[in-house]
Amino acid sequence: TAKFVCAVDAEPIGVADTTVWQGGAAWGNDAAWSAGTPTAGKKAAFTGAPADGAVTVPAGAVVGALEFAGLDYTLSDASLEVAADQGANQVKVVSGNQTVAAPVVFAATTEIPVTGGASLSFTGAVDGFGLAKTGNGVLAFEGPSSFTGEERLEDGIVRIADASALAGMKFINLSGGATLQLDAEGAVHGGVFQITATNQAVPAIVKADRDAVITSFTGAKGF
């Protein structure tokens, strides 16, 4: 199975450490990038240069971080492991509707800032420790998930389009101004499911479509 490892160095990644996808060649060819093939410590930026947003990631590919802007990209083929050696990982979306179709593993809490008007969809399985969603854009989970840590939803919309995705999110911290949108068909289940609402000067919102079923809800303030 192909494997895409996203390992963030201990030092912050700056502009000088960015290599931009140019397309026109295979991922492992330096000519496909503005500053050579990504390595640990280099941010792989997908910012609208090539006409085709479909990107095939080969086995053994390593990057320091991911950033999307401009075109609508789809990363596919490899499984994607986001593994920082210290601090938080980051997958950043500046603009566009971005898709990661490969299975993803977060080895540590991963920051996912999504700008308003943009979106990031994980259509494959997502596993790992936890995440922190910021920005007014949309983060969507369209496949199964399994997290052992906290899912911190600070701003914007997090859309769950698969019942098994929400079942794997055990500890959701929903800040005021954030919306958790349940579009999953079938029951939401699987052990203890906990939503903690914070910063309630601004209401937090939980939405469910007609096919989503929450089998029980316990809280001091209710819905």
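Tutor: Of the 223 residues in the protein, 43% are buried; buried means under 20% relative accessible area, exposed over 50%, and partly exposed in between, with a 1.4 Å probe and protein chains only. This is a predicted model, in which local features need pLDDT of at least 70, side-chain atom pairs count only at pLDDT 80 or more, and totals for chains, interfaces and linings use all residues. Residues are numbered from 1 along each chain as its sequence is written, and side-chain values use heavy atoms, with hydrogens and water left out.

Student: How many helices and strands does the protein have?

Tutor: Helices (H or I, at least four residues) and strands (E, at least two) are DSSP runs, numbered from the N terminus. Here there are 1 helix and 25 strands.

Student: Is A140 buried or exposed?

Tutor: A140 belongs to strand β16, residues 138–141. Its relative accessible area is 1%, so A140 is buried.

Student: Which residues does A140 contact, beyond its neighbours within four places in sequence?

Tutor: Contact means heavy atoms within 4.5 Å. On that basis A140 touches L120, S121, F122 and R159, those neighbours being set aside.

Student: Which strands pair with β19?

Tutor: Two strands pair if DSSP finds at least two bridges between them. Strand β19 (residues 156–160) runs parallel to β16, joined by 4 bridges, and I157 in β19 is the bridge partner of V138. Strand β21 (residues 178–182) is also parallel to β19, with 5 bridges; there L180 stands opposite V158.
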